[in-house]
Structure formats: C-alpha cells, structure tokens
Amino acid sequence: PARHFDTRTTEPVSFFLSGLEELLAWQPDGNDDFNISAVPLAKRQPPLSSKRPRTLVCHDMRGGYLEDRFIQGSDARNPYVFYHWRYIDIFVYFSHHTVTIPPVCWTNAAHRNGVPVLGTFITEWTDGEKLCESFLASGEEAYRAVSEQLARIAQHYRFDGWLINIENTLSAAAVGNLPPFLRHLTAQVHSAVPGGLVIWYDSVLQNGALRWQNELSEENRVFFDVCDGLFTNYNWKEEHLERTRRLAGPRHTDVYVGVDVFARGDVIGGGFDTDKSLRLIRQHGLSAAIFAPGWVYEHLGEENFLQNENKFWGSLAEYLPTHSICMLPLATSFSLGMGTSRFLAGKEEEAGPWYDLSAQEIQPLYPEHEGRLSTSCCLQDAWCGGSSLRVQGTIPPGEEHMAIRLFSLQMPAPPKLFLTLLYKLEGPHPDELTVALELTTWDSGTCHEGDVTSLP
C-alpha cells in the first residue's frame, strides 16, 4: 500500500490514518514491521507514577511527518532534533490527521531515554462533528470498536497511548457517550500497553459545547475523571491555576497546564520568556504541557539551532525536575541521531549530512553555567555516530578541580563497577589538564579512583 512507502524514493515511511474508515479498517500487515519500535521503554527514576509535577512536550511542527517519516533516515541538512529527554516525562507527537501514529524514530529515541510517547486522535470543524456523530452518537458498539482499534494500534507499534483532542461541538447523544468512550479507551490502553496513558485535551464541555476552559472546571471534569490526565488550553491566568489545584485535589499532578511557546493568544510568556509560565505552574504544584518547543527551530532558524536549543531549555531548567538513569550497563557516545558526517572509532567514515533519530544515543543533562564550564553537542568531531559531547569554558584561576554533572544515577551500587571514558583535549594548554570520571554515592561521598589506566 502506498502509505507504507515514499512514492518518490520507495523508501519505507511512517504514516497516519485519515478518518474513521481507515482507522476501523486498519490491521497489522507485513509491510508494517518497519514501523514497530525496536527499543523498549527504559526505566528511570522517579517513575511517572510518582506524585511530583511532570513535564509533557507536545511536538507540533508544520503538519508533522517531515524528514522524521523516513524510517531508515534521510540526508536532511540541519534537521530538527530533540535531545533534552532528562527534563521531560511524556512526549506527544501531534498533527491534524485523525489518527497520528508517532514516527517510529521518535518512539525509539524517547524510549532509549526512558520517555513514553503518545499519538494523537483528533477531530475538528464540521468534518469532526460528522466523525464524532458516526462513532459516539451510534452507541456502545461503535465507540468500543474505535477505542479497541486505538489500543491495538498503540500495542502493535509499541508506543504508549493517546492524546484525545475533540475540537468540535457534539450533539447530546454524542457527548453523553464521550465519558464511557474515554473510560473504555483508558481501560483498553492500560491492558494492552504496560504503563499506557490516555490524556484529554481541554476543549468540549459536558453539554457538548466547544469552549476552552484554560483550567480544570466543573464543566470538563467529567472527562478528567475517566482518563489519566488533562492537557489544558493556553490562555490561563493565575486564578485558573488556583481553581484547578483546588478542584484536582490529590490528582493535581495529572493536570498538564498548556504553554504555547509561540505565545499565540492571551498568554503569559512564550519564546525565551516561557520560564514565566512555568514558574507560576510550579508554584501551584501542577504539571506542564510545553506545546511546540520547535519554536526555537522554526522562529530562530536552523543556523545556530543547537546553541539556541540549549539556551531555551537552560532557561527552563530551574522548573524542570530531572530524571535519573536506573539501569546498567550505561554506554553512550552522545550522538544526536544526525550529523554532517558519520564517524566510527574516531575516524570519519562517510562525509555528508544524515538524520536518523532511531540512532540517537542516551543523552546527558545539559547544564548551563554562565562563565563556567558548560556542555554542548559537537558536530565537527565524534567517536561514533554524528556528534560528541563538548565540554568547554573557562576554569577560574586558583581552581584546581572542576566537575561537570553528566548523569544522575539512582540504583544500588554494584560491588564492582567498570568506568571508561574516551576524550580528546583541544585548546591552548592541553598538557596542563587531566580528565577523569567521578562518581558520587550517597553513603560515601565522592569516590575517586586511583591508578587510572590510560589507553591509547
């Protein structure tokens, strides 16, 4: 079928489903194996179920399915990549097609870093009304068929659930069946996908009217009560947060307050002022949904993307609790899943741009310290893949010893641990520097390993 392969290059591609017919007719098919995620969801600490406020990223870029649709990668120059996985809890791939199945490269990259991925089920405008009438107003059998298909699709492609976005008015019959549909979908996803999630977007009210609340209210609470979370619209003020916190009670971390990085509408802070929104959201102990952080790429351009991306996420870091790795072995060359060349064992193997998020490796924390040492991605040189981790900056006079935190680990320390690091020194006085790995443990402070063996 044409949707499995690019008509121009015949390469396998990720795809979406348009309309109810395609959704109900979907079944697994041999041409589809490319699209199944090959990377299980890595464990991390604290787990998603913990009660600390979470961070969801909703990726919406130019309609979706751009270069990321090519399952075996492409030769895109300066593509968009996301790599601040340590800061986020959930990744949503969003588009305006009825059923957005996340491109498998995103699921692979997110899972490797311990982040669950959701697809989107959306209905909009007059067509959306018709679609909702045909499966919600028709009764139990019809809406159960839709929820079972959605759960099967997530299970088959091995992603982690759905964002449900109904942006059209509903008849009394349709809205009456909406809570049972969401309850059934949530139960189906939970049983088909370990740790699966269903999140509802703040749009329709319990009377069927389309009116965004920008909060959890008595009007939309009926939908929140039957699924795993609510993603609010973006035009909120602080009083909306106060009311939401009160109404959500013990489930306050299941409310993801929407922040549009493009700052469309009457919003508090977008762009490099997104931290203003996050500060307020966190003061009320709520979770955040950062919508379209691709603003950095779309608005500021491709040229200094990596630099601008680190600046953007660095400005939010104070409000983004980080996650720890809790599985060994841990091995990474820090490759971003893109590059201007491909490297193997420190040598350039193939020149020319490439992009394949499935090849992205485990990413570190990227702390921003003004005037100190900082970490960034280096595309000019790599040990393996397309990039390496660059540590650069100034060591102040008189400081004998400086540490940069790359990872936070949370696991029982094994009796023996083998650590190895490959690095290259560049700069004016490389012979005056020594580089070593340092590990801190809870019970014994910092562990400095003596007699470090240097391998050529």
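Buried means under 20% relative accessible area, and exposed means over 50%. The model used in these exercises is predicted.

**Exercise 1. Helix α7**

Task: State which residues of helix α7 are buried and how they are arranged around the axis.

Solution. 
- Step 1. Take helix α7, residues 238-248. His240, Leu241, Thr244 and Ala248 are buried there.
- Step 2. Look down the axis of α7. The buried residues fall within an arc of 100°, so they line one face of the helix.
- Step 3. Find the cover. What lies over the buried residues of α7 includes β9 (255-260) and α8 (274-283).
- Step 4. Go to the end of the helix. Gly249 follows α7, and its phi is positive, near 55°.

**Exercise 2. Arg246**

Solution. 
- Step 1. Arg246 is in helix α7.
- Step 2. Apply the cut-off. The relative accessible area of Arg246 is 64%. Exposed means over 50%, so Arg246 is exposed.
- Step 3. Count along the chain. Arg246 and Ala351 are 105 residues apart in sequence.
- Step 4. Turn to space. From C-alpha to C-alpha, Arg246 and Ala351 are 57 Å apart.

**Exercise 3. Ala173**

Task: Find what Ala173 contacts beyond its neighbours within four places in sequence.

Solution. 
- Step 1. Ala173 lies in helix α5, residues 172-192.
- Step 2. Ala173 is partly exposed, at a relative accessible area of 43%.
- Step 3. Leave aside the neighbours within four places. Ala173 is then in contact with Leu136 and Ala137.
- Step 4. Take the pair Ala173 and Leu136. They are 37 residues apart along the chain, and their C-alpha atoms are separated by 7.4 Å.

**Exercise 4. Backbone angles**

Solution. 
- Step 1. Most residues other than glycine have a negative phi, and most peptide bonds are trans.
- Step 2. Take Pro46. Pro46 sits in the loop between β1 (44-45) and β2 (55-59).
- Step 3. Take Pro329. Pro329 is in the loop between β11 (324-325) and β12 (338-344).
- Step 4. Take Arg62. Arg62 is in the loop between β2 and β3 (90-93). At 52% relative accessibility, Arg62 counts as exposed.
- Step 5. Take Asn214. Asn214 is in the loop between β7 (197-201) and α6 (221-224). Its relative accessible area is 12%, and Asn214 is buried.

**Exercise 5. A nonpolar patch**

Task: Which residues make the nonpolar surface patch of about 800 Å²?

Solution. 
- Step 1. List the members. They are Leu328, Ile395, Leu417, Leu419, Leu421, Tyr423, Leu425, Leu433, Val435 and Leu437.
- Step 2. Pick Leu417. This residue is in the loop between β15 (388-392) and β16 (439-441).
- Step 3. Leu417 is partly exposed, at a relative accessible area of 44%.

**Exercise 6. The annotated domain**

Task: Describe the chain over residues 65-341.

Solution. 
- Step 1. Read the record. An unreviewed UniProt entry places "domain: Cytosolic endo-beta-N-acetylglucosaminidase TIM barrel" at residues 65-341.
- Step 2. Turn to the model. Over residues 65-341 the chain is 38% helix and 17% strand.
- Step 3. Compare the ends. The end C-alpha atoms of residues 65-341 are 24 Å apart.

Terms used. Residues are numbered from 1 along each chain as its sequence is written. This is a predicted model: local features need pLDDT of at least 70, side-chain atom pairs count only at pLDDT 80 or more; totals for chains, interfaces and linings use all residues. Side-chain values use heavy atoms; hydrogens and water are left out. Buried means under 20% relative accessible area, exposed over 50%, partly exposed in between (1.4 Å probe, protein chains only). Helices (H or I, at least four residues) and strands (E, at least two) are DSSP runs, numbered from the N terminus. The arc is that of the directions from the helix axis to the C-beta atoms. Contact means heavy atoms within 4.5 Å. Patches are made of residues with over 30% relative accessible area and no salt bridge: like charges are joined within 9 Å, nonpolar side chains (Val, Leu, Ile, Met, Phe, Trp, Tyr) within 5 Å. Accessible areas come from the Shrake-Rupley method with a 1.4 Å probe; for residues, only the protein chains shown count as cover. A salt bridge is a side-chain nitrogen of Lys or Arg within 4 Å of a carboxyl oxygen of Asp or Glu. UniProt positions are given in the numbering used here, feature names are shortened, and annotations may be inferred rather than shown by experiment.
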